[in-house]
Amino acid sequence: MTRPHTGQLLARFARPTAAEPTRIAILSDIHLATDATGTWKVFHRTERHLQAAVSAVNDRAFDGVVVAGDLTRNGTPPEFDLFDDLADFEPPAVAVPGNHDFPTTFDEHESLPVRTFEDRYTPGGLPFHVQFGDLDVFGLDSHAATPDSPAETWDGRIDSAQLMWLDEALSAANPDTSIVVVHHNLPATGDLYERYRAELPVEGSVPGFTNPEPLVKLLVQHDISLVVTGHLHFPAVERADGVTELTVPAVSSFPHALVALESDPSGTTARLVPLTDGTGMVESIAHGWEKDRVLLSAAQLATLPLVEDDVLE
């Protein structure tokens, strides 16, 4: 029997810690499509990449699965139905929405209602708190849509009600075992993206975060050990104002990977687990080598591991 790929070391963090070894699989930007081909997201292979992610999770001993947004290409009911058919994870799984998952005013298609997303992918609604092993995961909704109104933008935001909920939830939590998950990126990682764009021959932009300051202030106040984001499609670890942000790569596009977080009393190891072979990587690059985040993923992969903290032995 072939032994599962152990993954490439992405980062080693002094926190979070777990009294008992705990393993969480983090996926993001699956962009599952039912009727698209081509493009840098390799839409015609999204089913295959999701199936590979499910197999990668089920072949390993994970305590839970977190999807950090953009489960689908356009947020349509058929796309979510297909996701549910394929996402047969054996461990319990939760998800936060990405900018492609909720309704917007500029949609020309039917969208899955916000409440339906909550019923399917959260433990009781957004925001949420779930415990996997000895780790506490807090999921936030950075999409501007509400159950009563579609969003007018793909830019991220955290409203005051969520900030109040998070403040209360984190007040009762252990910061050393806490992970906050949100789709849109915090300012430090957005700045990294802009620095790369200035240095490399790339074009394009991504929706930003319109009000990150109150969220960052809360994270600093509560000394949260790790924030996990998706959205940018390339792996990154950025630290600013005492906040460590781990941006996980996309399932849909290069480098087609999930992140395995392995926590124990000494700290947390993050590993990249590949979801395709060399031929799949070549196809992905051929479809989108000119695109900014494919280039940036390659640049980031050349510097692994991104962080290696001193950890307890």
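F83 and Y121 are both buried. Buried here means under 20% relative accessible area, with exposed over 50% and partly exposed in between, using a 1.4 Å probe on protein chains only. The model is predicted: local features need pLDDT of at least 70, side-chain atom pairs count only at pLDDT 80 or more, and totals for chains, interfaces and linings use all residues. Residues are numbered from 1 along each chain as its sequence is written, and side-chain values use heavy atoms, with hydrogens and water left out.

Start with these two rings. A search of the whole structure finds 8 aromatic pairs. Rings of Phe, Tyr and Trp (its six-membered ring) pair if their centres lie within 6.5 Å; planes under 30 degrees apart count as stacked, over 60 as edge-to-face and the rest as tilted. Why is the pair of F83 and Y121 edge-to-face? The ring centres are 5.8 Å apart and the planes stand at 85°, so the pair falls in that class. F83 belongs to helix α2 and Y121 to helix α3, and the pair links distant parts of the chain, 38 residues apart. Helices (H or I, at least four residues) and strands (E, at least two) are DSSP runs, numbered from the N terminus.

A second pair comes next. Y196 and F234 are also edge-to-face, with 6.4 Å centre to centre and 85° between the planes. Y196 lies in helix α5 (residues 187-199) and F234 in the loop between β8 (226-229) and β9 (236-240), so this pair ties together parts that are 38 residues apart in sequence. Y196 and F234 are buried.

Now return to the first pair and its surroundings. F83 and Y121 belong to one aromatic cluster with F80, F102 and F117. Helix α2 spans residues 77-86, and its buried residues are P77, E79, F80, L82, F83 and L86. An α-helix has 3.6 residues a turn, so residues three or four places apart point the same way. What covers the buried residues of α2? The cover includes α1 (46-58) and α3 (114-121).

Rings also meet charges. A charge sits over a ring if NZ of Lys or CZ of Arg is within 6 Å of the ring centre and within 35 degrees of the ring normal. The charged end of R23 sits over the ring of F62, 4.5 Å from its centre. R73 does likewise over the ring of F43, with its charged end 4.9 Å from the centre.

Two histidines are worth a stop. H231 lies in the loop between β8 and β9. H231 has 4% relative accessibility, so it counts as buried. Its C-alpha atom is separated by 5.8 Å from that of H184, 47 residues apart along the chain. Which residues does H231 touch, not counting those up to four places away in sequence? They are S28, D29, N99, H183, H184, N185, V206, P207 and R293. Contact means heavy atoms within 4.5 Å. H222 is found in the loop between α6 (212-221) and β8. H222 is buried, at a relative accessible area of 12%.

D29 sits in the loop between β2 (22-27) and α1, and counts as buried at 0% relative accessibility. H256 also has a positive phi, near 45°. The place of H256 is the loop between β10 (243-247) and β11 (257-264). H256 counts as buried, at 0% relative accessibility.

Two peptide bonds are cis. One runs from L126 to P127, with omega near -10°. P127 is in the loop between α3 and β5 (128-132). The other joins L304 and P305, with omega about -5°. P305 is in the loop between α8 (292-301) and β13 (307-308).

End at the second largest pocket. It is lined by 15 residues, of which N185, G190, P207, G208 and F209 lie nearest its centre. Helix α5 gives the most to this lining, with 5 residues.

Notes: 1 Å grid on protein atoms, 1.4 Å probe; cavity = no way out; pocket = protein on both sides within 12 Å on 5 of 7 lines; lining within 4 Å.
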